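Visitor: Could you walk me through this one slowly? I'm new to reading structures.
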Protein chains: 2
Amino acid sequence: MRQDVIARLLRAMKQAGLDALVAISPENFAYLTGFMSPTQPLMRWRHAMALVTADGRTALVSVDMEASTIRAKATSGTEIAVWREFKFDAMTVLADLLRKHGLATARIGIETDYLPVGDFAALHDRVPQASFVPAQALLARLRQVKTSAEIEILRRLSRIADRSITEAYRSVGAGSSEMDIAAALTRGIYEQGAEYFKLMIVATGERSVFPNVGPTDRVLKHGDVCRVEIFPMIAGYHAGVCRTAAIGAAPPQAERIWANLTACKHLLLDVIKPGASSRKIYDLYLEKLAALDLPPISFVGHGIGLHLHEDPYLGPTEDQPLEAGMVLGVEPLIYETGFGFGMQNKDMILVTQSGCELLSDYLDTDALLIVS
Amino acid sequence: MRQDVIARLLRAMKQAGLDALVAISPENFAYLTGFMSPTQPLMRWRHAMALVTADGRTALVSVDMEASTIRAKATSGTEIAVWREFKFDAMTVLADLLRKHGLATARIGIETDYLPVGDFAALHDRVPQASFVPAQALLARLRQVKTSAEIEILRRLSRIADRSITEAYRSVGAGSSEMDIAAALTRGIYEQGAEYFKLMIVATGERSVFPNVGPTDRVLKHGDVCRVEIFPMIAGYHAGVCRTAAIGAAPPQAERIWANLTACKHLLLDVIKPGASSRKIYDLYLEKLAALDLPPISFVGHGIGLHLHEDPYLGPTEDQPLEAGMVLGVEPLIYETGFGFGMQNKDMILVTQSGCELLSDYLDTDALLIVS
């Protein structure tokens with residue numbers, strides 16, 4: 001278990017009047033333990049859970065076939081209760097664990113936005129006197145401010161994404177295909193130590209206007225604008241970096257639009273700091289972007305870490321003061337420029353004590369990248 | 001919506017006494033509609049749902065930011081109710097849709113193994129007179145027997161996986177790294193039309209004994225045994241194929257172990273047919289494998305399609321007669337041979353009217369593949 005995370009969690013649990021908390025989603029299991037249960041995100045019935053009591057006891061619940069992996073990754077001496085995959089007794093094992101820790105009548109935080117209603121009913125049947133309350137907001141709030149270990153992972157992932165995209169662009173040219181970009185990109189992220197990736201976007205030429213599209217056999221030609229994005233992962237964490245490039249030379253309007261997106265990026269780097277209002281930042285961005293007279297999307301950034309998107313959003317729907325330790329994916333972009341191409345510049349930014357730091361600093365994006 | 005799937009579903013709903021059914025998991029949404037809601041599997045709060053009533057009316061529920069994609073993919077004229085991401089009103093919109101279709105007091109099947117307890121509570125509050133019953137078993141049962149369209153996707157995916165692994169092996173040799181295999185493999189699956197992949201295993205030399213490990217910078221050397229597996233995806237469907245190869249020459253014992261795994265494969269191809277008992281098949285496999293005196297795992301195959309693992313399992317924990325149209329991932333394997341390497345031969349097999357058909361037939365695996 002992560003001692004610094006558990007210490008913060010215990011304070012939050014005390015304020016919320018919780019006797020215990022059970023993390024059950026892949027991201028919150030990873031948040032408390034520091035590692036992923038291998039196939040939990042792939043097969044959602046393979047519940048992996050982490051119990052924390054108000055007095056600081058901890059225990060894990062694992063499916064039998066992952067127990068040896070969990071045991072190897074957990075701190076030595078960690079209590080691990082094992083349930084049997086083909087007996088479907090995860091909730092029975094969790095209920096027994098709660099009773100063993102004197103929690104049969106306790107007030108217990110759980111993730112009601114993750115735990116399926118059928119599992120909840122089984123759990124409730126087995127500890128009917130316990131009171132279960134939603135704990136996802138408490139966990140999400142804690143996760144917004146990253147620990148130094150989390151920041152190091154996100155810094156590393158930002159570099160992996162940024163460098164892999166840049167090198168993938170440098171390995172291709174007119175006549176290469178989107179698949180060449182994809183092959184170089186996937187090779188690059190694994191070679192630099194990523195464990196996996198979630199979502200790869202390779203959108204070139206007329207396809208560059210589409211939000212979430214993967215690579216095809218489209219052949220790059222002179223004057224194409226390309227959007228390439230990837231979310232490499234380590235230990236459950238994601239970075240998201242997107243880079244735009246032109247093949248050979250920028251088409252008309254591309255430099256002008258890029259100059260605005262670059263100005264937006266520098267504006268954001270100027271205004272992101274502790275205490276800044278997330279909504280006000282979005283408003284300032286909209287003001288700067290307005291010079292283009294092209295359609296914005298409904299946010300310019302969002303928290304990122306154990307999920308692709310986390311709070312806070314830099315957008316119109318909420319208003320939250322930023323805090324040191326937050327990590328944001330920030331993305332000035334225009335999908336539909338009206339000129340047959342889209343442009344996007346997504347960076348990873350850490351809120352520091354005095355301002356912010358660009359974590360994705362491998363490629364200088366001030367000038368539009370031209371792939372020759 | 002898929003008319004053949006809906007027709008079968010309506011019969012099953014009638015037998016189960018359901019007035020309506022709401023599919024809400026990514027796999028069952030894709031099962032009914034024939035396509036994925038793009039980011040639903042990546043961000044679980046982005047609910048995409050499909051409603052089917054006992055008299056055959058259908059409607060979809062989509063988050064605002066995916067609505068245009070859903071509209072483009074759905075049959076023209078499909079009713080689509082849209083909820084607003086940052087208003088978190090998916091259950092309100094679903095409840096309104098249920099009322100609009102006269103289902104406020106109906107008996108409605110839902111996936112209680114997917115719908116989070118918090119969402120269920122919100123839904124129940126808004127249609128308190130409706131009765132919600134678990135429908136996941138009904139859907140899983142239907143999904144076991146594939147339609148001809150599903151079989152074609154799985155046939156294509158089996159070929160993509162098999163051919164990509166084979167060509168990745170042919171592109172490397174002693175001195176190449178696991179990353180070279182990964183780069184060729186990911187390029188190969190996208191180039192052949194996969195949209196994504198879930199899980200890539202590249203485990204060579206001493207790493208070949210580990211179940212679920214990705215590629216590293218390990219350099220291949222003469223005599224290495226390699227296990228390579230990938231699950232490419234199209235429209236939410238997966239194929240899983242694993243191939244084992246030796247670099248330059250097979251080490252001692254490898255040919256002997258492979259000959260047994262090959263004999264197991266042919267045994268399985270002989271006994272898999274409609275009416276065969278899933279448990280009996282596992283018992284026959286264990287008998288054949290016993291000649292090696294090496295440890296088996298707890299199943300030799302499982303259904304596959306919209307999930308990596310589906311029922312039926314060919315294992316000791318259940319017994320189900322096979323049916324024509326089932327597609328199985330079948331995998332004779334020994335992770336820990338005791339000789340410093342593991343071996344695995346995972347194929348995709350379709351149960352036909354009279355027997356079975358090997359879908360992953362690109363590489364002849366009877367003799368161990370030697371990479372020169």
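Visitor: What should I know before I start?

Guide: This is a predicted model, in which local features need pLDDT of at least 70 and side-chain atom pairs count only at pLDDT 80 or more, while totals for chains, interfaces and linings use all residues. Residues are numbered from 1 along each chain as its sequence is written, and chains are lettered from A, and ligands numbered from 1, in the order in which they are written.

Visitor: OK, which helices and strands count in chain A, and how many are there?

Guide: Chain A comes to ten helices and 18 strands, where helices (H or I, at least four residues) and strands (E, at least two) are DSSP runs numbered from the N terminus.

Visitor: And what is the radius of gyration of chain A?

Guide: Chain A has 23 Å, which agrees with the value near 21 Å that a compact globule of 372 residues would have; the radius is taken over C-alpha atoms, and the globule rule is 2.2 Å times the number of residues to the power 0.38. Along the principal axes, the C-alpha atoms of chain A fill a box of roughly 70 × 40 × 35 Å.

Visitor: What share of chain A is buried?

Guide: Buried residues make up 51% of the 372 residues in chain A, and a residue is called buried if 20 or more other C-beta atoms, placed from the backbone, lie within 10 Å of its own, exposed if 12 or fewer do, and partly exposed in between.

Visitor: Where do β16 and β17 of chain A meet?

Guide: Strand β16 (residues 347-351) of chain A and β17(A) pair in the antiparallel sense over three bridges, and the bridge partner of A:V351 in β17(A) is A:C356.

Visitor: Which strands run parallel?

Guide: One example is strand β1 (residues 20-23) of chain A, which three bridges join in parallel to strand β5 (residues 107-110) of chain A, with A:A20 standing opposite A:I108 in β5(A). β5(A) also pairs in the parallel sense, over four bridges, with strand β6 (residues 131-134) of chain A, where A:I110 stands opposite A:P134.

Visitor: Which residues touch the most others in the largest nonpolar core?

Guide: Of its 237 residues, A:M49, A:L94, B:M49 and B:L94 touch the most other members; such a core is a set of buried Ala, Val, Leu, Ile, Met, Phe, Trp, Tyr and Cys residues joined through C-beta atoms within 7 Å. Not counting residues up to four places away in sequence, B:L94 touches B:V22, B:M49, B:V61 and B:L123, a contact being two C-beta atoms, placed from the backbone, within 7 Å.

Technical notes:
Two strands pair if DSSP finds at least two bridges between them.
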